[in-house]
Amino acid sequence: MIPTKLKIGDEIRVIAPARSLSIISNDIQAIAIRKIQEMGFKVTFSENVREKDDFNSSLIQSRVEDLHRAFKDKKVRGILTAIGGYNSNQLLSYLDYDLIQKNPKILCGFSDITCLTNAIFAQTNLVTYSGPHLSSFGMIKGFEYTLDYFKKCLLENNHFEFLSSKEWSDDPWFTDQNNRNFIKNEGFWLINEGKAKGKILGGNQCTFNLLQGTQFMPHLENTILFLEDDEEAHPETIDRDLQSIIHQRGFDKVRGIVFGRCQKATKMTRELLTAIIRTKKELNKIPIIANVDFGHTTPTITFPIGGTARLEVNKSKVKLEILQH
């Protein structure tokens, strides 16, 4: 079930299912709101979006109520998360999945939001989206690529291809918008050749793994996994978390893997990631690429959880397309 695309004049509701909107500076909030309004959308905020507790989050009840109201409100056409965090999985047993299924609309966010987007797809068959938060729109420099793919995925219906950005950054842009450090992008890392077509699942790898062993874990059969991790990970934990996914029922029918770009603090390299993959016999015969523009570096693509991708990898080219979104 693919939700209706956004169009000019639509209302986008901001919710905070993980950390509170209040931890984002007023300046960044203002830039983000203005940027979305300039696209032609109306921005509204959930009632409890600025509530903040000792964990920089808010009560489970507050977050669940805000998500339910956003889905139930007929005026709201899209839902954007404020920022990521650590505790979106607290909400999963409290959500009314029938309400969500009966009121399908776009839900977009990344990082900790991975557990929500994948669980909602698993429970309702509603395609959700891994893409920028509201806070992401507060970026002044280097946001054009992110915005372009946000539009391709959420405003348009056509098939599209992911091309590598010309440059990327891993700097704390939200602390200094003027002094940015951009790095030339070397493009996709070709790890395993092959062709695949499948349903997209994944996002932040360690958050995706929180769904294992629960009713909220989507089926892995006939999928292409999109996986990334942030600066709290390192090669050993990335290896361990990937192995955990491989042990899941249905992994033998996974068709391919697309790895996002790791942050510098992980100390992950092309050589280390390749070595990790070579230790896993289950990965030998599926196409795998890495260094794709999603995760906790910038810029980032937007991709559909539950949508369809096609991946073609050989020595002469890498082609990653989104067919249904």
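A salt bridge is a side-chain nitrogen of Lys or Arg within 4 Å of a carboxyl oxygen of Asp or Glu. By that rule, the interface of domain 1 and domain 2 in this predicted model has zero salt bridges. Polar contact is found there instead, in eight residue pairs, both residues of each at pLDDT 80 or more.

**Overall form**

- The protein chain contains eight helices and 16 strands.
- A compact globule of 325 residues would have a radius of gyration near 20 Å, and the 18 Å of the protein chain agrees with this.
- Along the principal axes, the C-alpha atoms of the protein chain fill a box of roughly 50 × 45 × 40 Å.

- The protein chain is divided into two parts, domain 1 (11-138) and domain 2 (160-324).
- The contact between them takes 28 residues from domain 1 and 26 residues from domain 2.
- Taken over C-alpha atoms, the centres of domain 1 and domain 2 are 23 Å apart.
- Between them, domain 1 and domain 2 bury about 2000 Å², and carbon and sulfur atoms account for 62% of that area.
- On the domain 1 side, the residues that lose the most area to domain 2 are Asn 118, Phe 121 and Ser 130, which together make up 26% of what that side buries.

**The domain 1 side of the interface**

- Across this interface the rule finds eight residue pairs in polar contact and, as stated above, zero salt bridges.
- Helix H1 (26-38), helix H4 (114-124) and strand S5 (128-130) are the elements that each give two or more residues to the side of domain 1 touching domain 2.
- Helix H4 supplies the largest share of that side, with eight residues.
- By class, the side of domain 1 that touches domain 2 holds 14 nonpolar, 13 polar and one charged residues.

**Backbone features**

- Most residues other than glycine have a negative phi, and most peptide bonds are trans.
- Thr 298 and Pro 299 are joined by a cis peptide bond, with omega at about 0 degrees.
- Pro 299 sits in the loop between strand S13 (288-295) and strand S14 (303-305).
- Asn 56 is not a glycine, yet has a positive phi of about 60 degrees.
- The loop that holds Asn 56 runs between strand S2 (42-45) and helix H2 (60-72).

Terms used:
Residues numbered from 1 in each chain as written. Predicted model: local features only at pLDDT ≥ 70, side-chain atom pairs only at ≥ 80, totals over all residues. Heavy atoms only, no water. Domains from an automatic or database assignment. Contact = heavy atoms within 4.5 Å. Buried area = accessible area lost by both parts, 1.4 Å probe. Polar contact = N/O pair within 3.5 Å; in protein donor to acceptor, adjacent residues only side chain to side chain. Helix = DSSP H or I, 4+ residues; strand = E, 2+ residues; numbered from the N terminus. Nonpolar A, V, L, I, M, F, W, Y, C, P; charged D, E, K, R; others polar. Rg over C-alpha atoms; globule rule 2.2 N^0.38 Å.
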